[in-house]
Amino acid sequence: VNIAAIDLFYLAMPEISSAADGTQDTLLVRIRDESGLEGWGECDASPLVTLAAYVCPRSHGNIHGLREILLGERLETPADILRLHARVLRLAADLEQVHHALSGADIALWDLLGKARGEPVWRLLGELECDRGVKSHPKLPYASVLFEATPEATRQRAAELRAAGFRAIKFGWGPMGCHGAEFDLELVREARSGLGPEPRLLVDAGMAWKEDHRTAFERAVAFASCDVGWLEEPLFPDAVAAYARLKAFSPPLAIAAGEGCNRYRFAADLIENGGIDVVQIDAGRIGGITTAFAVRRLAEERGITYVNHTFKSQLSLTAALQVFADAEPFHLLEYPAGGSALSRALARTDLEPGPDGLVRATEAPGLGVEVALETVRQYLRPVRVEVGGKLLFESGETGV
Ligand SMILES: [Mg+2]
């Protein structure tokens, strides 16, 4: 079959606040084949910039819009997706936004191929590895929340989350790093106190110490006394040399980073040269399932941990899970528990935690996701791109 249509949907909440909440708007990519089957993907980057990467007309022989590059191409095997992935990165000029934008199409292509084959994406990915007879393994979802303004309020929040049944919780950002060493430790201590000894506690420092690896090391030593599973982004996402210096001090807990990676090379740099212990990849940002899977394979080769970064709808969550569903040692799953009304209503999956609290990749074909078209209609922002009187794009041109 051939790729017959690529449709783009810019969705947004009526008001976009300044909160660090990436679920307030989104760009959906729908790819259809000649038989009418369709696949869906969601991009993590700024929607209209991403949309432009799809619809821009040819600039010269090496720079084309993504839609033009993909339309009409053959899609029959996982190898076809790898071929198309490489083709986009070559013909769309290898600019950073292309990796972001390609994420949505790549995810949609895997969804579409999975539906055409009647197989879940995680099993198709096994085909790339000479079909190792993969099976999926359950994941422990961790709830991701912000530190409260005070240690006391953080303890209360932790106690609520424990009462709600979460077995792993990540606290992050908020006042971490703003009021000195003793306050930082109090935040983590009270989080642990509210959780009790059982649940796994993860700490996201939200880049608090910039490139200061010494302070990051001191905090790592302090936090280790509270049985913290990992310290996430104590430094800037691209401070690779500072991560290497931090790791050279041998901190007593794992160092996690990688959600900022916007291409494979960035993740490889953090792993190979930054020496991180846990790489956190957003498939909706780094180039899709294909690129995220390549990073997962590198993590396995280097003996470090792979985990998803996801803060979008269930469409993004199921895409993220496919990448490492069959990897038994990679047990944790970032599980978005909040988000905007748009994000919560956008897609349905069977990824609710089971009675044992674990999440399982399903046998449903493709991504196993159903996009709620009524939600797409409700939040659709009309877009019209016209250049020199020529219409390049109009939302609604394909209907929902
Ligand atoms: Mg983070």
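Predicted model: local features only at pLDDT ≥ 70, side-chain atom pairs only at ≥ 80, totals over all residues.
Student: Let us start with the helices. At what angle do the axes of α3 and α5 cross?

Tutor: The axes of helix α3, residues 78-91, and helix α5, residues 121-128, cross at roughly 80° and come within 9 Å. Angles of 65 to 115 degrees count as roughly perpendicular, so α3 is roughly perpendicular to α5.

Student: Which residues make that contact?

Tutor: From α3, the contact uses Pro 78, Ala 79 and Leu 82, while α5 supplies Leu 124, Glu 127 and Leu 128. By class, the contact of α3 with α5 has 5 nonpolar residues, no polar residues and 1 charged residue.

Student: And α4 with α5, how do they pack?

Tutor: Helix α4, residues 96-117, packs with α5 at an angle of about 95°, and their axes are 9 Å apart. That angle makes α4 roughly perpendicular to α5.

Student: Which residues of α4 and α5 are in contact there?

Tutor: On the α4 side they are Trp 110, Asp 111, Leu 113, Gly 114 and Arg 117. On the α5 side they are Val 121, Leu 124, Leu 125, Glu 127 and Leu 128. The contact of α4 with α5 has 6 nonpolar, 1 polar and 3 charged residues.

Student: Changing topic: what volume does the largest pocket have?

Tutor: The volume of the largest pocket is about 820 Å³.

Student: Which residues lie nearest its centre?

Tutor: Of the 30 residues that line the largest pocket, Ala 20, Trp 173, Glu 259, His 309 and Phe 311 lie nearest its centre. The elements giving two or more residues to this lining are β4 (140-146), α6 (151-163) and β5 (168-172).

Student: Which element gives the largest share?

Tutor: Strand β4 does, with 4 residues of the lining.

Student: What is the lining made of, by class?

Tutor: The lining of the largest pocket has 12 nonpolar, 7 polar and 11 charged residues.

Student: Last topic: how many aromatic pairs does the structure hold?

Tutor: There are 6 aromatic pairs in the structure.

Student: Which residues do ring pairs link into a cluster?

Tutor: Tyr 306, Phe 324 and Phe 330 are linked into a cluster by ring pairs.

Note on methods
Residues numbered from 1 in each chain as written. Heavy atoms only, no water. Phe/Tyr/Trp six-rings, centres within 6.5 Å; stacked < 30°, edge-to-face > 60°. 1 Å grid on protein atoms, 1.4 Å probe; cavity = no way out; pocket = protein on both sides within 12 Å on 5 of 7 lines; lining within 4 Å. Points joined across faces, edges and corners; volume = space filled by probe spheres on them. Nonpolar A, V, L, I, M, F, W, Y, C, P; charged D, E, K, R; others polar. Axes fitted to C-alpha atoms, helices over the stretch in contact; angles between N-to-C directions. Parallel < 35°, antiparallel > 145°, perpendicular 65-115°, else oblique. Contact = heavy atoms within 4.5 Å.
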